[in-house]
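Please keep the sequence and the coordinates at hand while reading.

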Amino acid sequence: MKTTNNCANCPAHNKANLIKLGINLENVDYVITMAGNPNTGKSTVFNNLTGLRQHTGNWPGKTVSRAEGGYIYNKKRYKVVDLPGTYSLLSTSTDEEVARDFILFGQPDVTVIVVDATRLERNLNLVLQILELTDRAVLCVNLMDEARRNNLEIDIRGLSKELGIPVIPASARRKQGMDELLQAIEDVATGRYVCKPPKIKSRSKKLNHAIETLSEKILEIFPGLPNVHWVAMRLLEGDNGIIEAVRSGELGNLHEEDLTIQN
Amino acid sequence: MNKTALTSRGEEILSAANVARWDLGTDFHDSIIESIYEDASRIAKKTVRQLGEKEAYSFDLKIDKIVTSKWLGFPLMFLLLTVVFWLTVAGANYPSGLLASLLIDTVHPALKNLAASINMPWWLDGVLIDGAYLSMAWVISVMLPPMAIFFPIFTLLEDLGYLPRVAFNMDNLFRKAGAHGKQALTMSMGFGCNAAGVVAARVIDSPRERLIAIITNNFSLCNGRWPTQILIATIFIGGLVPAQIAGIISAGAVVAIALLGIFFSLVVSWVLSRSVLKGEASSFSLELPPYRPPRILQTLYTSLIDRTIIVLWRAVVFAIPAGIIIWLVANIHIGELSLAEHFIQWSNPFAVIFGLNGVILLAYIIAIPANEIVIPTVLMLTVLSTKLSGIGAGSGVMFEMDSIADTANVLYAGGWTLLTGINLMLFSLLHNPCSTTIMTIFRETKSVKWTLVSTFLPIVLGLIVTFFTTQIWFMVHGS
């Protein structure tokens with residue numbers, strides 16, 4: 001990073017505060033998860049944060065099950081869960097289910113979404129879908145070095161404004177942007193940064209109304225359920241997994257179980 | 001709230017959802033997706049600017065046109081593979097000899113002296129130093145150099161982004177065989193380790209196609225078998241031609257075996273998908289990632305740690321008990337002969353039909369936990385059964401061997417011919433997976449039946465192939 005010297009006083013540059021924990025995951029303060037399209041460098045970011053050397057390769061589908069690791073930053077212990085890369089959370093392949101269920105029911109404190117700077121538009125589809133599940137997210141725009149090679153300019157501030165979450169440019173393979181990412185994760189985890197992702201704008205009034213009405217009904221029975229809008233939408237779509245979870249009452253249980261684990 | 005009450009209220013939600021769904025109309029699912037795409041494209045338009053030419057992108061396209069072209073794709077693939085193996089064969093010989101002379105010629109006698117000086121009982125000294133230590137030393141000197149060359153090169157190709165191109169080239173063939181195109185990826189993983197390849201088959205969603213990928217993964221030569229292939233090819237195939245071209249010819253022979261493996265992978269997939277695992281190939285989209293300049297030093301480091309050391313460690317862990325077993329079967333006598341000699345003599349007539357010998361069969365039984373130790377076991381058993389003098393220090397001792405030439409001498413003395421070498425290479429490709437892979441297959445399929453199929457199908461194929469090779473050989477050369 002060329003500007004390192006100028007930023008030396010910035011609080012984001014306290015890498016000394018980072019202790020990589022590898023797989024030592026006891027008594028964590030925060031759980032963060034990493035999601036994103038395949039081959040965007042999630043595993044590389046994961047390795048940078050945790051000090052693990054999960055094998056990375058330049059091909060989609062490398063991470064087949066979720067990998068876990070941890071680190072300490074500013075005296076807080078973080079557990080990191082690396083999810084398999086997916087193109088969407090809509091269809092029902094195993095990978096997408098693993099990713100979706102973890103964000104939905106694992107209730108991570110922060111979801112780090114890693115995107116490929118050179119394929120931002122396509123990657124944003126997943127970002128928007130994730131932001132429907134959770135609003136506590138940080139966007140890591142990875143492969144900035146590739147973007148520069150392709151003469152792409154990305155308006156990081158504009159992106160952050162549009163999405164309502166912190167956006168960090170990074171080149172994980174060169175270990176650039178990791179300090180800023182750690183800081184952003186902390187800000188969201190501690191609530192210092194309050195994320196305000198926008199509602200999807202291009203949705204019809206009728207649909208929004210249906211979602212609202214159904215959400216209220218769901219909240220009556222499962223009070224305090226997070227992602228209630230998302231659940232409502234899946235019910236409207238007739239998603240069998242979610243219908244089953246409502247019918248069996250599991251929807252509420254899953255949520256409670258996860259809360260007890262975390263507290 | 002008790003469970004029944006909860007359930008009935010759950011039904012309430014569901015019926016409300018049903019009513020709302022009728023209101024929204026049928027195109028509503030599509031409109032949810034469309035609205036997300038619209039928003040994504042709007043945000044991207046606002047925040048991403050293309051300055052000037054997409055240089056790197058068009059450069060990528062140019063390379064892709066060549067490496068995935070109809071005519072050049074496959075030849076380039078084979079050429080690349082051959083160069084990788086040639087580098088491995090050419091580079092591994094010298095450090096192998098160096099390691100052998102250190103671990104086997106120097107450290108082993110020192111350990112023996114130490115054992116003698118503390119009056120260690122002969123059997124304990126035999127089991128520990130001649131069995132466990134020597135087999136471990138053997139594995140290290142035979143395996144470490146080729147792995148330390150092969151893995152980093154392979155990892156560099158992987159990081160560069162070449163593997164998905166291989167998958168792209170192969171996709172059509174796999175689909176014609178009724179298998180999933182992603183099987184090309186799991187197959188490539190299998191070239192590293194079959195257990196990893198079997199786990200990687202999770203990327204295939206259809207259970208039918210996933211099973212095919214799992215069963216056929218063993219046809220990818222794994223890193224436990226590369227050293228066997230490389231060594232035997234160097235001795236028996238490289239030995240046929242003048243020294244200047246021996247390296248490249250041996251590498252070519254190894255590539256031929258690897259290609260034969262791919263061929264079997266396709267044929268078996270084809271047969272399975274037309275018989276017990278009937279069905280159509282499902283389609284999928286494969287993204288060709290951009291070429292990324294590999295980070296050379298980092299790759300060298302991670303491939304050394306991730307692959308070389310871990311694989312070597314596994315080999316050592318399995319070599320130690322195997323070394324003990326070898327020593328025991330060579331030293332426990334029933335009547336005149338040791339257990340090993342009994343087995344070798346008993347199985348030899350059967351093995352000869354397949355152009356192999358009793359030693360190879362016994363070695364493959366002892367080496368079930370790890371393919372890596374086949375060659376050391378073969379050498380040790382050969383010395384034992386032919387009672388070579390001047391080499392080795394007695395029964396069940398893995399002896400010193402400074403170079404590939406010495407290894408060759410032992411094998412020739414054991415009655416090996418070019419045919420034996422070829423058949424060993426074929427059998428090394430076509431035999432049961434190692435015990436780790438077998439266990440992984442069971443964990444992934446949860447089925448005893450398919451685990452047994454995956455285990456025995458390659459052995460049957462191996463015996464058929466070596467049988468015909470041998471019979472044809474005899475027909476051509478006369479016996």
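Does Ser69(B) count as buried or exposed? The model is a predicted one, and in it Ser69(B), at 19% relative accessibility, counts as buried, because buried means under 20% relative accessible area.

Ser69(B) belongs to the loop that runs between helix 3 (55-67) and helix 4 of chain B. Along the sequence Ser69(B) and Asn169(B) are 100 residues apart, yet their C-alpha atoms are 8.2 Å apart in space.

Pro164(B) is part of helix 6 of chain B and is buried, its relative accessible area being 0%. Its C-alpha atom is 8.6 Å from that of Ala184(B), a residue 20 positions away in the sequence. In chain A, Val81(A) sits in strand 4 (residues 76-82) and is likewise buried, with a relative accessible area of 0%. Between Val81(A) and Ala35(A), which are 46 residues apart along the chain, the C-alpha separation is 8.9 Å.

## Helix 18 of chain B

Helix 18 of chain B covers residues 435-445, and within this helix Thr437(B), Ile438(B), Thr440(B), Ile441(B), Glu444(B) and Thr445(B) are buried. Viewed down the helix axis, these buried residues of helix 18 of chain B fall within an arc of 160°, and they therefore line one face of the helix. An α-helix has 3.6 residues a turn, so residues three or four places apart point the same way.

What do the buried residues of helix 18 of chain B pack against? Their partners are helix 8 (194-200), helix 9 (207-216) and helix 19 (448-477), which belong to chain B as well. On the face turned away from the buried side, helix 18 of chain B carries Met439(B) and Arg443(B), which are exposed. After helix 18 of chain B comes Lys446(B), a residue with a positive phi, near 55°.

## The largest cavity

A search of the whole structure finds 6 cavities of 30 Å³ or more, and the largest cavity holds about 250 Å³ of space. Its lining consists of 17 residues, and those nearest the centre of the cavity are Leu81(B), Phe154(B), Leu163(B), Val166(B) and Phe191(B). Two or more lining residues come from each of helix 4 (73-117), helix 5 (122-160), helix 6 (162-176), helix 7 (183-192) and helix 11 (243-274) of chain B.

Which helix gives the largest share of the lining of the largest cavity? That share, 5 residues, is supplied by helix 4 of chain B. Sorted by class, the lining of the largest cavity comprises 16 nonpolar residues and 1 polar residue, with no charged residues.

## The second largest pocket

The second largest pocket has a volume of about 640 Å³. It is lined by 27 residues, and Glu132(A), Leu133(A), Thr134(A), Asp135(A) and Asn227(A) are the closest to its centre. Helix 3 (120-133), helix 7 (205-221), helix 8 (228-237) and helix 10 (250-262) of chain A each contribute at least two residues to the lining of this pocket.

How many charged residues does the lining of the second largest pocket have? There are 7 charged residues in this lining, together with 14 nonpolar and 6 polar ones.

Chain A has 10 helices and 8 strands, and buried residues make up 60% of its 263 residues. Among the contacts in chain A with a separation of 6 or more, 69% are between residues 24 or more positions apart.

Chain B has 19 helices and 3 strands, and 51% of its 479 residues are buried. For contacts in chain B with a separation of 6 or more, residues 24 or more positions apart account for 77%. Chain B exposes about 21400 Å², and carbon and sulfur atoms supply 70% of this area.

Methods:
Residues numbered from 1 in each chain as written. Chains lettered and ligands numbered in written order. Predicted model: local features only at pLDDT ≥ 70, side-chain atom pairs only at ≥ 80, totals over all residues. Heavy atoms only, no water. 1 Å grid on protein atoms, 1.4 Å probe; cavity = no way out; pocket = protein on both sides within 12 Å on 5 of 7 lines; lining within 4 Å. Points joined across faces, edges and corners; volume = space filled by probe spheres on them. Helix = DSSP H or I, 4+ residues; strand = E, 2+ residues; numbered from the N terminus. Nonpolar A, V, L, I, M, F, W, Y, C, P; charged D, E, K, R; others polar. Buried < 20%, exposed > 50% of the residue type's maximum accessible area, 1.4 Å probe, protein only. Arc of directions from axis to C-beta. Contact = heavy atoms within 4.5 Å. Areas by Shrake-Rupley, 256 points an atom, 1.4 Å probe, with all protein chains shown as cover.
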